[in-house]
Number of protein chains: 2
Amino acid sequence: MFKERIYNFSAGPSMLPAAVLERASADLLNYNATGMSVMEMSHRSKVYDEIFQSVKEKLRKVMNIPSGYHILFMHGGATGAFASVAMNLIGENGKADYVITGNFSKNAASEAKKYGAVNIAYDTADKNHTYIPEQKDLKLTQGASYLHYCANNTIFGTAWKYVPTAGGVPVVSDMSSCILSEPVDVSKFGLIYAGAQKNMAPAGFAVAILNKDVPIKTLGYTPKILDYNMMIKEDSMPNTPSTYNIYILGLVLDWIQELGGLTKMAEINRDKAKILYNYLDSSEFYISPAQKEARSVMNITFKTANEEMDAKFVKESAAAGLANLKGHRLVGGMRASVYNAMPMEGVAKLVEFMDKFERDNR
Amino acid sequence: MFKERIYNFSAGPSMLPAAVLERASADLLNYNATGMSVMEMSHRSKVYDEIFQSVKEKLRKVMNIPSGYHILFMHGGATGAFASVAMNLIGENGKADYVITGNFSKNAASEAKKYGAVNIAYDTADKNHTYIPEQKDLKLTQGASYLHYCANNTIFGTAWKYVPTAGGVPVVSDMSSCILSEPVDVSKFGLIYAGAQKNMAPAGFAVAILNKDVPIKTLGYTPKILDYNMMIKEDSMPNTPSTYNIYILGLVLDWIQELGGLTKMAEINRDKAKILYNYLDSSEFYISPAQKEARSVMNITFKTANEEMDAKFVKESAAAGLANLKGHRLVGGMRASVYNAMPMEGVAKLVEFMDKFERDNR
């Protein structure tokens, strides 16, 4: 039983800034003297349209998205989004290159196989996804419609430190667990997509940022809600979008802007991760499975020497108000997801706990 | 500028009970001493699983859903849901019967054409969807996989007063704008589905209530998020569902239970509609386009003698705190959506306004 808010290291859905939740709570019954909650607004109303357009504008500004890119709000999270990538971009009898560096990139490739020929350009499964391949090792296919990769691997705690290229073929990136964590040169991408529930908003939608020059080759059986042409034509509203969840994204973007934008956000995130990694590197009690040069700034994986000790760590940390530190079953051990909303104090508390736990159990 | 909550007659997203919003607001930063918002909970966590299972149980109880039915929470609203109906039930080279009584049933039929042969069993377009066909007039097809109809036509203000049958073929009903408004004999249906944003919760998901005996014949290219077998196997969580929105549905179901369940809810809804229809029938200033025997209890359409007067009505009613009374462009005039959360006082205020408007403009 916690009277105060705790530090929640969940991989997603995950922490939201307290300031955002306070704003949302204050506005819940009557938003901006409209006499209604944002939850209750018609998506076709003037007042909601203003919110919706402002969220798009804020996202464009915060991420510095060029005007040559569409911003789409799609149903279905990243799993809906990676289906829509293939259904709209691979084309009839088409093919695409997928790099597998973790679980979601594997799922994305497996879903894409329903829609065309999938070439695995690289697979880091040989070392349980503890590393990221080099550009020179990617096996690209002649005539591929796009190259797909996942920029940050939530489960394995690795991240790409460069944007791969594919000789002019559009590069598609799943940024679900790193979007808004640092500045990104959007112009390098054909498409960026991300599920909402890590760095953006409550679960229930995905953002797609699509270069207007990427050829859209929608397959005939693509459902309306996953059809890019439909989404573009109807400004993400062929049907009712996740109106309230999108409004929360607007509040999160305001919060990022007030902090100093993505440059400052990245600095804070690097500082948080550094404290944790420095501690891990200084300890002989904890092991950090991800290779150093591939370490994620968002998801930090670590283990003790055995599973019993890991279980003890998870249990005791939860009781101390450090929630959801259990690692994914594919990796085991622990995982601290330190997305934007995790304050520095949360990381400091975690390191303090880890240190005490080490001393008590060494 | 409204300091108090107003009466919002939006067709969807629409009003939520004030008690629900108050509860949500109080819990927003720290749900039940967990130290976190429901928005921030991992969908795989114990605490969220308890919420999720309880919402399913409450829905089963409130709607009296037999144990032979799955309850699924799907992404993508009703537009996602009607695509999934066809992708999972029509079957390879299959066919299905669709009754068109309004805009959404038309959209559903048009989407289904991507997946199989669609027979239009009846179309009320001849009289701009002001009526509901009789059972004997439905042209059913031999070998159809299912019969699809929309129980309440949001735009046209009509509703089916009986459940059509199709000689043992599963009956599929879109109940987006009438679910939870009255008791329903679920056992008559192969499948009931509904978008959340009218009588259930904030927009962003759909509920599907599926008879376990209905043959699932999922087409090979069905995306994971629309695949019934996947949804059943993973208990609606092949990926992160709209966790927060589903939690709000739980609060709405509590509110219905406290009122006295669906029998009482239906009584209140009938009373509200009666006041409006009685007034319309007593007036020579307003016209009610829907045929009397087909009138919806949820969406009540009416017009004055001309468009200028309609526009004046919409403008002046909005200023008086009666929001979103503009009718859909396919019908024109006005529409009062009086879903569960619209209190009797809202309807009384509307009738009072209509009466004054009539006297001022007659």
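In this predicted model, the two copies meet through the same surface, because 100% of the interface residues of chain B are also interface residues in chain A. In general, two copies of a chain are related by a rotation about an axis and a shift along it.

The predictor assigns the complex an ipTM of 0.98 and a pTM of 0.98. For chain A, the average pLDDT is 97, and 100% of the residues score at least 70.

Within chain B, helix H6 spans residues 243-259 and comprises 17 residues. From its first C-alpha to its last, helix H6 of chain B reaches 25 Å, which is close to the 24 Å expected at 1.5 Å a residue. H6(B) is mostly covered, with 12 of its 17 residues buried. The buried residues include B:Thr243, B:Tyr244 and B:Asn245, as well as B:Leu253 and B:Ile256. The partners against which the buried residues of H6(B) pack belong to chain B and comprise both helices and strands: helix H1 (18-26), helix H2 (46-63) and helix H7 (261-282), together with strand E2 (69-75) and strand E10 (205-211). After H6(B) comes B:Gly260, which has a positive phi, near 125 degrees.

Technical notes: Residues numbered from 1 in each chain as written. Chains lettered and ligands numbered in written order. Predicted model: local features only at pLDDT ≥ 70, side-chain atom pairs only at ≥ 80, totals over all residues. pLDDT = per-residue confidence, 0-100. Contact = placed C-beta atoms within 7 Å. Helix = DSSP H or I, 4+ residues; strand = E, 2+ residues; numbered from the N terminus. Expected span 1.5 Å × (residues − 1). Buried ≥ 20, exposed ≤ 12 C-beta atoms within 10 Å, placed from the backbone.
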